[in-house]
2 protein chains.
Amino acid sequence: MDISQLGEFGLIQRIKENLDTPAPGLVRGIGDDAAVFESPSGMEIVITCDAQVEGVHFLTQFMTPEQIGRKAAAINISDIAAMGARPTFMLVSLGLPKTTPVSFVDGLYKGFREECGSFGIAIIGGNMAQCPERAFIDITLLGQVEKGRALYRSTARPRDLVAVSGALGGSAAGLALLLNPEIQVDEEVRKAVFQAHVCPKPKVDLGRLLSVSGLVTAALDVSDGAAQDLGHICEESKIGATLRADKIPLSPSCQAVAQALGRDPLEFALFGGEDYELLFTFPEANKAGLEFRLADSGFAMTIIGRMEPGEPVVRITDPAGKDWNTHAAGWNHFQG
Amino acid sequence: MDISQLGEFGLIQRIKENLDTPAPGLVRGIGDDAAVFESPSGMEIVITCDAQVEGVHFLTQFMTPEQIGRKAAAINISDIAAMGARPTFMLVSLGLPKTTPVSFVDGLYKGFREECGSFGIAIIGGNMAQCPERAFIDITLLGQVEKGRALYRSTARPRDLVAVSGALGGSAAGLALLLNPEIQVDEEVRKAVFQAHVCPKPKVDLGRLLSVSGLVTAALDVSDGAAQDLGHICEESKIGATLRADKIPLSPSCQAVAQALGRDPLEFALFGGEDYELLFTFPEANKAGLEFRLADSGFAMTIIGRMEPGEPVVRITDPAGKDWNTHAAGWNHFQG
């Protein structure tokens with residue numbers, strides 16, 4: 001059965017039936033002109049949106065509808081995590097060809113529900129539109145954070161240390177492998193990088209910890225590649241940064257894939273993107289306190305650079321302080 | 001110049017420069033992982049989203065980018081108006097082919113700014129994605145309303161009167177004329193229905209008045225056609241309704257276009273959609289009070305039917321109470 005047989009309202013009804021659950025603060029969910037919710041006093045509301053387009057951001061030959069749904073949600077959850085906020089409510093706007101199987105929409109929503117369920121997020125609204133050639137999934141996600149506690153990109157200061165959670169490069173290595181399936185790698189490596197690419201884990205608990213700690217000056221999530229993302233902090237904070245290429249934490253599977261492809265794993269880690277780890281800055285004086293708190297909660301961080309006074313550019317250096325030689329660039333949605 | 005030459009970040013920078021204005025309650029707008037705002041105590045937050053797809057919801061040969069932007073915003077503002085809320089913040093998610101001229105995006109944002117400006121709405125975030133074949137514009141709009149004062153679809157009661165603001169059918173007549181340009185009508189008629197179709201006026205002040213009055217039981221905006229929209233109230237309120245075909249307020253230009261096309265103007269008014277008037281219900285005892293308040297603020301309303309106990313269906317009748325004979329149906333995004 002395709003969605004044109006079910007019709008718009010049949011489809012909405014089908015979705016609604018699986019989502020009708022109460023949520024704290026929710027006054028009215030799906031079924032009206034708009035959703036209504038309350039914000040607890042003392043909290044600020046955080047909101048983000050991100051669209052995924054079939055064939056551009058996801059390929060149906062590589063991912064199940066459920067995986068596509070999970071990832072579309074996860075990407076937005078990661079943005080809320082990067083603000084130090086707790087995600088609360090989600091709206092889903094779908095563009096779908098008329099011939100879309102109902103099972104595709106069911107799978108997407110299964111993925112949304114799974115991903116949202118693990119973070120206590122309620123799906124409270126959305127929209128359905130026809131899009132002839134390809135599907136798009138545009139998600140709006142809300143969150144909340146204690147007043148004055150949101151983590152911004154614009155508040156890094158010169159001499160702050162730059163750290164990143166987890167290891168980088170796995171997602172980009174996974175994509176490279178999907179696009180070059182003939183490359184031979186260990187099955188475990190293939191699984192690990194595919195998982196990193198398809199099923200990113202938003203760092204909500206870590207973002208909350210960083211926010212609550214009061215020790216961090218700026219933060220964002222690694223979506224465009226660590227180098228370009230640090231560049232966003234530089235631009236918004238109006239200062240520069242130095243990134244030590246030799247300090248970048250590389251995922252072992254990323255290294256294995258890079259070797260098999262004859263490429264530098266740092267390319268994946270610095271310019272690949274979609275790792276959805278958090279990148280954050282803090283004064284050197286807060287380093288020990290932060291390390292203690294992170295370790296106490298089972299999180300890792302690696303110091304990879306330092307903010308610098310001057311022009312808002314990222315200099316990537318080798319251990320000797322010389323420029324690391326590269327011409328690669330991060331992800332740009334309209335180039336290439 | 002097309003957007004691939006400017007690049008994603010160049011495009012975002014260009015948009016941001018024109019939008020960097022402070023707004024009440026806004027803590028952080030465009031430029032971070034998410035926007036941040038505060039909600040005044042005693043208020044509930046209302047949120048809606050609606051996507052417009054090129055060639056499906058708008059045709060670039062009939063509308064300027066500015067008009068497309070205005071209408072995409074207006075449609076969402078109308079949903080917030082139908083909740084009785086005041087619109088506050090907007091997020092814009094665009095899907096664009098690489099070859100999109102920068103002037104198209106500039107025009108869209110000019111339209112967004114104009115429409116938002118007249119309602120005091122701040123554009124606080126968004127997303128840019130590549131979509132190869134056609135543009136889509138997905139807007140998320142927030143609003144606020146006094147706690148407990150939102151107007152829902154689910155709260156109409158049997159015997160409530162059903163009223164509609166303004167005259168219906170103009171927008172659908174405008175679309176019919178655009179699709180049949182060879183039809184001869186008076187130039188003023190053509191202008192009027194084209195204006196109704198291209199440049200709907202969301203009824204924010206009326207929605208606020210209905211909410212504040214406390215006299216109304218349910219409300220929505222007329223987007224799918226008055227008959228289908230009243231059907232939404234029936235479904236959500238789990239009761240029926242009777243609609244008097246002879247009571248429907250028809251716009252004079254809609255009548256002129258229908259005559260020129262040899263069609264029944266009621267088809268446009270009942271099943272055409274996109275009028276963006278408000279349709280609302282209230283107990284008969286509140287009729288005089290409501291009429292007084294509306295007239296006092298320069299608003300018109302026409303009573304077009306009544307809610308009925310029983311199955312959630314809309315019966316359309318002639319003055320004699322007989323079924324009005326039609327097989328036309330409202331707008332369905334995936335059929336046809």
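## Helices H5 and H9 of chain B

In this predicted model, helix H5 of chain B, residues 170-179, packs against H9(B) at an angle of about 35°, and the two axes are 8 Å apart. The crossing of H5(B) with H9(B) is left-handed. On the H5(B) side, the residues that take part are Gly170(B), Ala173(B), Ala176(B) and Leu177(B); they meet Ser253(B), Cys254(B), Val257(B), Ala258(B) and Leu261(B) of H9(B). Sorted by class, this contact holds seven nonpolar residues, two polar ones and no charged ones.

## Helices H6 and H9 of chain B

H9(B), which spans residues 252-261, also packs against helix H6 of chain B, residues 187-198. Here the angle is about 115° and the axes are 9 Å apart. H6(B) and H9(B) are therefore roughly perpendicular to each other. Their crossing is left-handed.

Val189(B), Ala192(B) and Val193(B) are the H6(B) residues in this contact, and they meet Ser253(B), Cys254(B), Ala256(B) and Val257(B) in H9(B). The contact of H6(B) with H9(B) is made up of six nonpolar residues and one polar residue, with no charged residues.

## Helices H5 and H6 of chain B

H5(B) and H6(B) pack against each other as well, with their axes 7 Å apart and at an angle of about 110°. This pair is therefore roughly perpendicular.

From H5(B), the contact uses Gly170(B), Ser171(B), Ala173(B), Gly174(B), Leu175(B) and Leu177(B). Their partners in H6(B) are Arg190(B), Ala192(B), Val193(B), Phe194(B), Ala196(B) and His197(B). By class, the contact of H5(B) with H6(B) has seven nonpolar, four polar and one charged residue.

## Gln259 of chain B

Gln259(B) belongs to helix H9 of chain B. Gln259(B) has 13 other C-beta atoms within 10 Å and is partly exposed; a residue counts as buried at 20 or more such atoms and as exposed at 12 or fewer. The C-alpha atom of Gln259(B) is 9.4 Å from that of Val185(B), a residue 74 positions away along the chain.

## Helix H9 of chain A

In chain A, helix H9 covers residues 252-261, and its buried residues are Ser253(A), Cys254(A), Gln255(A), Ala256(A), Val257(A) and Ala258(A). The elements that cover these buried residues include three helices of chain A: H5 (170-179), H6 (187-198) and H10 (265-271). After H9(A) comes Gly262(A), with a positive phi near 70°.

## The two domains of chain A

Chain A is split into domain 1, residues 3-146, and domain 2, residues 161-317. The centres of these two domains, taken over C-alpha atoms, lie 26 Å apart. Domain 1 of chain A brings 17 residues to the contact and domain 2 of chain A brings 16.

On the domain 1 side, two elements of chain A give two or more residues each: helix H3 (65-82) and strand E4 (86-96). H3(A) gives the most, with nine residues. The side of domain 1 of chain A that touches domain 2 of chain A has 10 nonpolar, three polar and four charged residues.

## Arg159 in both chains

Most residues other than glycine have a negative phi. Arg159(A) has a positive phi of about 80° and is not a glycine. This residue sits in the loop of chain A between strand E6 (136-146) and strand E7 (161-165). Arg159(A) has 13 other C-beta atoms within 10 Å and is partly exposed.

In chain B, Arg159(B) also has a positive phi, near 80°. Arg159(B) is located in the loop between strands E6 (136-146) and E7 (161-165) of chain B. Arg159(B) counts as partly exposed because it has 13 C-beta neighbours inside 10 Å.

## Contact between the chains

Chain A gives 56 residues to the contact between the chains, and chain B gives 56. On the chain A side, strand E3 (residues 43-53) gives the most, with nine residues. The side of chain A that touches chain B has 25 nonpolar, 17 polar and 14 charged residues.

Terms used: Residues are numbered from 1 along each chain as its sequence is written. Chains are lettered from A and ligands numbered from 1 in the order in which they are written. This is a predicted model: local features need pLDDT of at least 70, side-chain atom pairs count only at pLDDT 80 or more; totals for chains, interfaces and linings use all residues. Axes are lines fitted to C-alpha atoms, for helices over the stretch in contact, and angles run from 0 to 180 degrees between N-to-C directions. Helices (H or I, at least four residues) and strands (E, at least two) are DSSP runs, numbered from the N terminus. Angles under 35 degrees count as roughly parallel, over 145 as roughly antiparallel, 65 to 115 as roughly perpendicular and the rest as oblique. A crossing is left-handed if the near helix is turned anticlockwise from the far one by less than a right angle, and right-handed if clockwise. Two residues are in contact if their C-beta atoms, placed from the backbone, lie within 7 Å. Ala, Val, Leu, Ile, Met, Phe, Trp, Tyr, Cys and Pro count as nonpolar, Asp, Glu, Lys and Arg as charged, and the others, Gly among them, as polar. Domain bounds come from an automatic or database domain assignment.
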